[in-house]
Amino acid sequence: MQAWQVHQNGEPGEVMRLDDVERPVPAEGQVLLKVRAANINFPDALMCRGHYQVRPPLPFTPGVEICGETEDGRRVLANPALPYGGFAEYAVADGAALLPAPDALDDAEAAALHIGYQTGWFGLHRRAALEAGETLLVHAAAGGVGSAAVQLGKAAGATVIGVVGGADKAAVARELGCDVVIDRRAEDVIGAVKEATGGRGANVIYDPVGGEAYTQSTKVVAFEGRIVVVGFASGSIPSPALNHALVKNYSILGLHWGLYNTKNPKLVQHCHERLTELAARGAIKPLVSERVPLGGAAAAVQRVADGVTTGRVVVVPALENGATA
């Protein structure tokens, strides 16, 4: 089979190499899956660079989120067991952790439902207890993680403010349903949020960016507000001033979705059932901006790493090389 492999750490576009390799052999408890679609996540780029908390042995195949097909023909969602990741024709995954792919979504959309939407659901509902009528601020609202949070926030009855970088991303955020869109490149984020909320600030802030975005969050979080720390796409990890959280009476909530798979896997199943229901009634639908063939995976991972994409970019091995859909 063909699979992208990383033989040394570095930028994805430079270190990912398409190789002919043997199909992986499932270990005990694992299953072999034909990859129907593999969603690209920012951690894929971090793993290529050697900067992620999970460091698979070299060489490895990136790709942490797929819609796959079992040997008996079932469509499932899975997190491949590294080093046999999803940017390949076949992958292996824990058989007990497979989730049924929602009928309402095609392969690429289903592949993009798993990590980003589970992270959003746990962040907004489990950690921040978002309530209808509250104001939700989402940083990087046009990106893969942010777009999921926007849709989930709207489905929960929140007023959603989306912060983006650039006019093109602002248009995407509006299409996603943001009630207010702020272009951080053209507007003062802090002033715009205060104006949009009548000075009250946002009740819940969803931050996959870190750095300056987190600093802005602390200045616009409402009384008894909650800042959900999801990741650090900016590359800068903030050092929060806890005295500031004390005097403004807000909470800082960390979210590592992967821990639920080991600490409370039943919650992951419950979350998937809720997401499937939302997808069935059209309340959520992953924004797939590009479907690329297997041969285009390295370049696509690099684009995600560079922050120039919107929504989700998904690798679909069945597409012919050079084709997009």
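The following is a working conversation about a predicted model of a single chain.

Q: What helices and strands does the chain have, by number?
A: The predicted model contains 12 helices and 15 strands.

Q: What percentage of the residues count as buried?
A: Of the 325 residues, 54% count as buried.

Q: What share of the contacts comes from residues 24 or more positions apart?
A: Among contacts with a separation of 6 or more, such residues account for 66%.

Q: Turning to helix packing, at what angle do H4 and H5 pack?
A: Helix H4, residues 114-127, and helix H5, residues 144-155, pack at an angle of about 50°, and their axes are 9 Å apart. That angle makes H4 oblique to H5.

Q: Is the crossing of H4 and H5 right-handed or left-handed?
A: The crossing of these two helices is right-handed.

Q: Which residues meet there?
A: From H4, the residues are Gly116, Tyr117, Gly120, Trp121 and Leu124; from H5, they are Ala148, Ala149, Gln151, Leu152 and Gly153. By class, this contact has 6 nonpolar residues, 4 polar residues and no charged ones.

Q: What is the phi of alanine 129, and where does that residue lie?
A: Alanine 129 lies in the loop between H4 and strand S8, residues 135-139. Its phi is near 50°, a positive value in a residue other than glycine.

Q: How accessible is alanine 129?
A: Alanine 129 has 42% relative accessibility and therefore counts as partly exposed.

Q: What about glutamate 224: which strand is it found in, and what is its phi?
A: Glutamate 224 is found in strand S12, residues 221-229. Although not a glycine, glutamate 224 has a positive phi of about 60°.

Q: Which loops hold proline 59 and proline 83?
A: Proline 59 is in the loop between helix H2 (42-49) and strand S4 (66-69). Proline 83 lies in the loop between strand S5 (75-78) and strand S6 (90-94).

Q: Which residues of H12 are buried, and what do they pack against?
A: The buried residues are Ala297, Ala298, Ala300, Val301, Gln302, Val304 and Ala305. Their packing partners are strand S1 (2-6), helix H1 (12-15), strand S2 (16-20), H2, strand S14 (288-292) and strand S15 (312-315).

Q: What comes just after H12?
A: Glycine 307 takes a positive phi of about 70° there.

Q: Finally, which residues are buried in H8, and which elements surround them in packing?
A: In helix H8, residues 212-220, the buried residues are Ala213, Tyr214, Gln216, Ser217, Thr218 and Val220. They pack against S8, helix H7 (189-196), strand S11 (202-207), S12, helix H9 (242-248) and strand S13 (251-254).

Key. Residues numbered from 1 in each chain as written. Predicted model: local features only at pLDDT ≥ 70, side-chain atom pairs only at ≥ 80, totals over all residues. Heavy atoms only, no water. Axes fitted to C-alpha atoms, helices over the stretch in contact; angles between N-to-C directions. Helix = DSSP H or I, 4+ residues; strand = E, 2+ residues; numbered from the N terminus. Parallel < 35°, antiparallel > 145°, perpendicular 65-115°, else oblique. Left-handed = near helix turned anticlockwise from the far one by under 90°. Contact = heavy atoms within 4.5 Å. Nonpolar A, V, L, I, M, F, W, Y, C, P; charged D, E, K, R; others polar. Buried < 20%, exposed > 50% of the residue type's maximum accessible area, 1.4 Å probe, protein only.
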